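Take a walk through this structure, one pairing at a time. Have the sequence and the 3D view side by side as you read.

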Amino acid sequence: MLESVDGLSIFGAEDPDWSAARAAERLAAREIANALDLFPSEAEELAADESSGSCCGAATSPDPPAESDRDIDDGNEAIERVVPARAAVRIPWAPARVAAMVALATFVPSAREAKSHRSDPPIAPARMATIERPYVRSEQTHPAPIDRQETVTAVADARPKIPATVAAAGRSTSRPPTDTQPNPAPLKATASEQLATIAPTAVSAPYAAPIDSPPPLPRIPPPANAEAAPSVIVAPPPAAVPPEPAVVRNDTDDVRAVLDRYQTAFSHLDASKAKAIWPSVDEKALGRAFGQLERQEVVLEGCDVKVAGQRALAACRGQSSYVPRVGNKAARVEARRWAFTLRKIGESWIIEAVDLASR
Amino acid sequence: MLILAIAILAVSAPSAFAQRSLSDVLSFLLTNRSIPTDDFARDEQAAAATRDAISRFLLLELTRLPVSSSAGGFTYRLNPRLGTVERSSDSFGPFFTERALTAGARHGSFGLNYQIARFTSIDGRSLRDGTLVATASKFRDQSQPFDVETLSLRARANMATFVANYGVLDHLDVGVAVPFVTLSISGERTDTYRGRPFPQATASASASGLGDIAIRAKYHLVRNRAGGVAVGAEVRTPTGRSEDLLGAGTAALTSLVIGSFERGAVAWDMNLGYTTGGLSDELDYRGALTVVGAPRLTWVAELAGRRVNGLGTLTDTVSPHPTIPGVDTIRLTSLPHAAEQAAAIAGFKWNPATTWLVSFYVVRALATAGLNAQWVPTVSVDYSLGR
């Protein structure tokens, strides 16, 4: 929809090439027709009215005559009937509108695109057009220049040479392709195919990339020592991942992990967590004992772990400090000795028995 | 604590009866003054027997000391089965009944109990309403005596007891109970001849001082958390003045077997003891039920009974008048029979902060033997030392 209004911006453009402006004018009118779903003749008439009414006023007078203004307003009203929301951005005063058009002509690419393709073939009938036509028609109406193909090829060739399968795998894992992906083109393709695959990338983009603009660069930066091989399209090589240090958890580590969990459960006064690693403990009694304490901290130090098959023994020293709920609130610290008997069930270790004594 | 106990006694008790002992005053009040029995030797014998009985009754009441320690409620012991410490007992224990649990090594406690007893009956007879007949003369063919001497007696005992307990070993406690006693007795003897009362004698006396100190020990033989079996022994030293009825005058040794069972919030404790020496041989049996109302509150219900071999019972003896035919002389005296006493105790122990413990209980006599008060309230404050 915006293109319909943007098309009006060529009125105020200080374009020295009047014919180009006219062509753009006609293009804009057709776009209006597309947008308004008018017959081509009506659109042509509307565009002609607009251009005739505005050519002189726009060219000779900063203050367009009221007639021209009315025509424009009519056109705008027509638009507004279809697109009520546009009325909100309608600029009532002509000079201000002209200034806005200048700005739009300067910055909106579609206007430039229209100017730079004044030799476009006739546009398809408006009835057959859709609002997306300006985007998809580029491969038919704007064949890419040769120099652009070469540019794209060169860029593609500059990519590192790796097997295509590797590249595909890399894309699927690290960056899945999306509709807005600017460069999801298969890497092994001819130059024309490459262009054809580049153009649709803007299907959902707000505007079509200018034809003479450089294609988007691949997101994966080529390695510094990559060779330029025009005929071979390769995916980036897999990153030279340094081999991870082999983390092999042995039984001793697992036993120590269980001891850590024991320490945590008893320090958090959590009988259920203690039960998880020490299934034979009387959880109810342990919970009652924990309930008599305000806090407790169990510290196991220097555990000597010995694993023998499916059984393990761990002898630890350490201390237990606690504050009772009833009685003297001063923390009591007592040195302790633990002797754990553990058993491996499946892949996990559990505590079978704990022999605890004061030191 | 000792100073406080002394101060309480100083305030609550009048000055000691300096000239005459309480025993003398009792003898004075009990001895016949006006009825012509023509057998004063018997009169004196009867008066002495009655006095001795009342004295024993009084002393017996003073020996009922709450010496049970509450320190176990503040003791935390390592439970190797669970791998953590736990409270030795959720309960603070009973008042009179010993529990098997000991305080634990190097755990001490001390406290002060204050008890007030106003005795209202003796062997089922009222002490205060003037119906206690000391001596009477009666025609055999009449149901009521024509000449009767009655005794009205007010006896009151205030007792502040300092108690301390210390865990020498994890399984061995030693303790001491030091009673400070104030006894006050006042009475009057009235002769009623053919319906006309004639006051014969009045007397009052009080005494205060150290009672018989008790030293005790307890060893936890079989432990099952707070329960188990323990044995104990208590020695009562004759530190109280016997003539003022503050002490027995002779040492006594009590042996005790203690059984305790605790499950959850409820605990049962049972004692069986035997005392030799002192006033008389005595068999003690006590039972206590404690219920943990909250971690800081324990409800206590106890039953304490004893069979005292030589306590004696008051009785009326009837003998023919030696000179007047058809007239019998009735005398209040005591017979050396064993007597059964029983009392119910109910109260609570509350821990307001840290290791302070405030207790309150009342004792209610369940049997008529001996001196009895309707309710004996006791309040105590204890503090536990150690970690």
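In this predicted model, strand 7 of chain B pairs with strand 9 (residues 214-224) of chain B. The two run antiparallel, and 6 bridges link them. One position to look for is Asp173(B), which stands opposite Lys218(B) in strand 9 of chain B.

Strand 7 of chain B also pairs with strand 8 (residues 196-210) of chain B. Again the sense is antiparallel, this time over 14 bridges. Strand 7 and strand 8 of chain B form a hairpin with 2 residues between the strands. In that hairpin, Arg194(B) takes a positive phi near 45°.

Now turn to strand 6 of chain B. Strand 6 (residues 147-167) and strand 7 (residues 172-193) of chain B are joined by 21 bridges. They too run antiparallel.

Step back to chain B as a whole. How many helices and strands does chain B have? The count is 3 helices and 20 strands. Chain B has 387 residues, and 50% of them count as buried. Consider next the contacts in chain B with a separation of 6 or more. Residues 24 or more positions apart account for 67% of those contacts.

The helices of chain B deserve a look too. Helix 2 (residues 22-30) and helix 3 (residues 40-62) of chain B have axes that come within 9 Å. The axes cross at roughly 135°. That angle is why helix 2 of chain B counts as oblique to helix 3 of chain B. The crossing of helix 2 of chain B past helix 3 of chain B is right-handed. On the helix 2 side of chain B, the contact is made by Ser23(B), Leu26(B), Ser27(B) and Leu30(B). Helix 3 of chain B brings Ala47(B), Ala48(B), Thr50(B), Arg51(B), Ile54(B) and Ser55(B). Sorted by class, this contact between helix 2 and helix 3 of chain B has 5 nonpolar, 4 polar and 1 charged residues.

Ser242(B) and Ser55(B) are 187 residues apart in sequence. In space, they are 9.3 Å apart, C-alpha to C-alpha. Where is Ser242(B)? It is found in the loop between strand 10 (227-236) and strand 11 (252-263) of chain B. Ser242(B) counts as partly exposed, because it has 17 C-beta neighbours inside 10 Å; the cut-off for buried is 20 or more, and for exposed 12 or fewer. Leaving aside residues up to four places away in sequence, Ser242(B) touches Gly247(B), Ala248(B) and Gly249(B).

Move over to chain A. Here 4 strands make an open sheet in the order 1-2-3-4, with antiparallel pairing. Strand 1 (293-308) and strand 4 of chain A stand at the edges. Each has a single partner strand, so one side of each is left without a neighbour in the sheet. On average, neighbouring strands of this sheet are turned by 25° against each other, direction ignored.

Strand 1 and strand 2 of chain A run antiparallel, joined by 13 bridges. Gln296(A) stands opposite Tyr322(A) in strand 2 of chain A. A helix covers this pairing and its neighbours: helix 13 (residues 251-267) of chain A packs on the sheet, touching strand 1, strand 2, strand 3 (332-345) and strand 4 of chain A. The direction of helix 13 makes about 165° with that of strand 1 of chain A.Back in the strands, Ala308(A) has Arg311(A) of strand 2 of chain A as its bridge partner. Strand 1 and strand 2 of chain A form a hairpin with 2 residues between them. Gly309(A), in the turn, has a positive phi of about 65°.

The last stop is where the chains meet. The contact takes 22 residues from chain A and 17 residues from chain B. On the side of chain A that touches chain B, the elements giving two or more residues are helix 15 (283-291), strand 2 (311-324) and strand 4 (348-358) of chain A. Which element gives the most to that side? Strand 4 of chain A does, with 5 residues. By class, the side of chain A that touches chain B has 12 nonpolar, 5 polar and 5 charged residues.

Definitions and conventions
Residues numbered from 1 in each chain as written. Chains lettered and ligands numbered in written order. Predicted model: local features only at pLDDT ≥ 70, side-chain atom pairs only at ≥ 80, totals over all residues. Contact = placed C-beta atoms within 7 Å. Nonpolar A, V, L, I, M, F, W, Y, C, P; charged D, E, K, R; others polar. Pairing = 2+ DSSP bridges. Axes fitted to C-alpha atoms, helices over the stretch in contact; angles between N-to-C directions. Parallel < 35°, antiparallel > 145°, perpendicular 65-115°, else oblique. Left-handed = near helix turned anticlockwise from the far one by under 90°.
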